[in-house]
Structure formats: structure tokens, C-alpha cells
Amino acid sequence: MYRPSLLLCLIIASLVAPSSLPVNVIARSNTPQFLPNTIFIPLITRTITHPPLSPNWLDRVNGYRARAGVPPVTESSALNSNCWEHARYMAENNHLTHNQDPTKPFASPAGQICAQKGNAWIAWGNSWQPADAVDSWMKSIGHRIWLLYPTTPTFGFGFYTTATAKCKLNNYNLLCNGAALDVLSHFNPGADTDYPGWPVRYPGIDQTDVPATTYPITLQWRYFGSTPSLTSTTLRVVGGNAIPHTSTTSLPVGHKGIAITPTVNLPANSLIEVSVSGTYDDQPFTYTWQFRTGN
């Protein structure tokens with residue numbers, strides 16, 4: 001049986017949100033400007049070693065949340081069932097969607113709940129696992145921010161693989177895989193004002209297993225809060241060269257935060273420093289921290 005490599009398989013992910021904003025991209029790579037009364041977080045030199053990420057979906061999600069310094073989530077069996085229904089619908093119909101067509105096979109009211117409440121994912125190939133879906137969402141800015149949202153206490157997850165190779169890719173029939181993560185059914189913005197850990201940063205402070213790719217760096221504030229204003233960003237290898245990147249405050253589906261995206265792969269096995277300056281609710285800030293890439 002043909003077993004395509006990960007490079008030959010395709011992944012598509014999609015997300016939903018309560019609202020959206022127009023996209024206005026800002027590209028900056030300037031020296032930080034330290035303003036009067038600026039909040040300054042000094043350079044971090046220690047390291048924190050987290051346990052390896054688990055293949056189990058919930059443990060993997062919570063492993064990522066631990067790296068970001070946010071509380072773990074629990075799972076709901078009811079939401080898990082809903083999301084399995086939607087994962088099956090997407091895989092069997094080979095269709096990434098947030099809205100089921102009731103005339104198509106495997107459509108269900110339960111699946112529709114998950115369809116409209118979460119992150120969706122579909123991939124073609126014979127070796128995909130739930131961990132691949134979670135990792136894919138973490139590489140995508142909008143999906144990541146929902147997955148790391150600190151005040152959401154409970155998620156639901158479903159994963160489904162077709163029994164036969166019914167999806168065609170490059171003239172090969174492959175298994176179809178679907179996954180869905182309900183991140184909105186227990187979304188609790190009323191708890192955001194009292195949460196002390198804004199902005200949530202990822203990669204996290206002192207993290208040691210960041211992929212050596214064009215992995216985005218995100219800072220997120222509460223969904224129904226203000227949009228930050230960005231003054232400057234720097235990204236560099238500690239003791240080495242600056243890393244070219246782009247920066248923006250226009251995040252997917254109305255999220256409030258900053259995304260810094262390297263335009264070249266982060267160097268492997270390197271200590272990286274990121275510094276971000278701007279204002280939030282008319283208060284200036286500067287955040288500077290370090291993380292380390294893996295192989």
C-alpha cells in the first residue's frame with residue numbers, strides 16, 4: 001500500500017470566531033524604544049524543561065498550555081462526542097467546514113454544534129494521528145490562540161479516519177482524516193478581566209522545544225478587549241544575528257494581540273530572544289524573553 005511521507009500529505013485547518021476584523025498587516029523590525037513608565041520584563045537566562053508532549057490529545061493540549069503558562073483544560077464527553085460526529089462528517093465527505101450540509105452523509109445536529117464551535121482539520125494520508133491535528137493548530141495563529149485561551153476551562157475533541165482509502169490525492173487513493181476541537185462551548189469572557197496573565201505569550205518563557213521553522217510567535221490579550229498598538233519588535237539569536245520577520249496586530253477572526261512571524265527558519269538548537277514594545281489600553285509596555293529551538 002502506498003504510504004505517502006508527511007511532505008506528500010496535505011493538511012487544511014480552519015477556525016471559527018464570534019467576530020472578525022479587517023486585516024491591516026504591519027511589517028516592522030526595529031530597535032525597541034523604551035518609553036517612560038514602560039513595563040519592562042528583563043532578559044531571561046534560565047531554562048524550564050517540560051515533559052515531552054503526549055500523543056493523547058488532551059495531554060498534548062495541556063502540554064502546550066503549560067508551556068504558555070496558562071491553566072489546563074478538562075474534557076467533556078458530550079463535546080467529545082459532538083466533535084467525533086463532525087470529524088466523521090468531514091472525513092467521509094472530504095470537506096473541511098464549519099457548517100454541515102444536512103443532505104450529506106453523516107450530517108447530524110450534534111456534529112453541527114462542534115462544527116460551529118471550534119477548530120477544524122482535515123488531512124489525506126495513512127499515518128495521521130490526533131497529535132498531528134493539535135500540532136497543526138499550534139502552528140496556525142488563529143487556532144493557537146483559541147487553544148491557549150487561558151480562561152476557557154473545558155474542550156471537546158474528535159478524530160476520525162475513513163475505513164477505506166476513498167480520498168484521491170496525486171492519483172492515489174488515500175485515507176481521509178478529520179479532527180475537530182470545540183473551543184467555544186465553554187468560552188467564558190466574563191473571567192477575562194480578572195485573569196492576571198495577559199498577554200499570553202507563545203513560545204513561552206524559557207521554552208526549550210520550539211520547532212526550527214518559520215514558527216510564529218504570538219502575544220494574545222482578551223478577545224473582547226482592546227487591540228494593542230505596536231511600536232517595535234526584535235528577534236535575534238542570543239549572541240548572534242537578527243532574524244528577519246514580519247509583525248502585525250491584525251490577527252485572524254478578531255483576536256487581540258501581536259504575531260511575529262520569521263521569514264526564514266529559526267536556527268536549530270539556538271537560544272532566541274524576542275522583544276516587543278507598544279501600548280495596550282494607553283499603557284506602554286515592553287516584553288523581552290527567550291526560548292530555545294530544537295533540532
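Five helices and 15 strands make up the protein chain. Both are DSSP runs, numbered from the N terminus: helices are H or I with at least four residues, strands are E with at least two. A word on the source: this is a predicted model, where local features need pLDDT of at least 70, side-chain atom pairs count only at pLDDT 80 or more, and totals for chains, interfaces and linings use all residues. Residues are numbered from 1 along each chain as its sequence is written, and side-chain values use heavy atoms, with hydrogens and water left out.

Now, burial. Of the 295 residues in the protein chain, 54% count as buried. Buried means under 20% relative accessible area, exposed means over 50%, and partly exposed is in between, using a 1.4 Å probe and protein chains only.

Next, the cores. A nonpolar core is a set of buried Ala, Val, Leu, Ile, Met, Phe, Trp, Tyr and Cys residues joined through side-chain atoms within 4.5 Å. The largest one has 51 residues. Which members touch the most others? They are W137, L147 and V276. Helix α1, residues 57-68, gives the most to this core, with 5 residues. A second, separate core holds 9 residues, including W124, Y160, C167 and C176.

Stay with α1. Of its 12 residues, 10 are buried, so the helix is largely enclosed by the rest of the structure. Among the buried ones are W57, L58, Y64 and A68. What about its length? The expected span is 1.5 Å times one less than the number of residues. For α1 that should be 16 Å, and the end C-alpha atoms are 17 Å apart, which agrees.

Look at L181. It sits in strand β8, residues 176-182. L181 is buried, with a relative accessible area of 0%. Leaving aside neighbours within four places in sequence, its contacts include W57, W137, L147 and F155. Contact means heavy atoms within 4.5 Å. L181 and F155 are 26 residues apart in sequence, and 6.9 Å apart in space, C-alpha to C-alpha.

Last, a sheet. Four strands form an open sheet in the order β9-β10-β13-β12, with antiparallel pairing. Two strands pair if DSSP finds at least two bridges between them. Why is one side of β9 and of β12 left without a neighbour in the sheet? Both stand at the edges, each with a single partner strand. Strand β12 is joined to β13, residues 256-262, by 5 bridges. There, H245 stands opposite P262 in β13.
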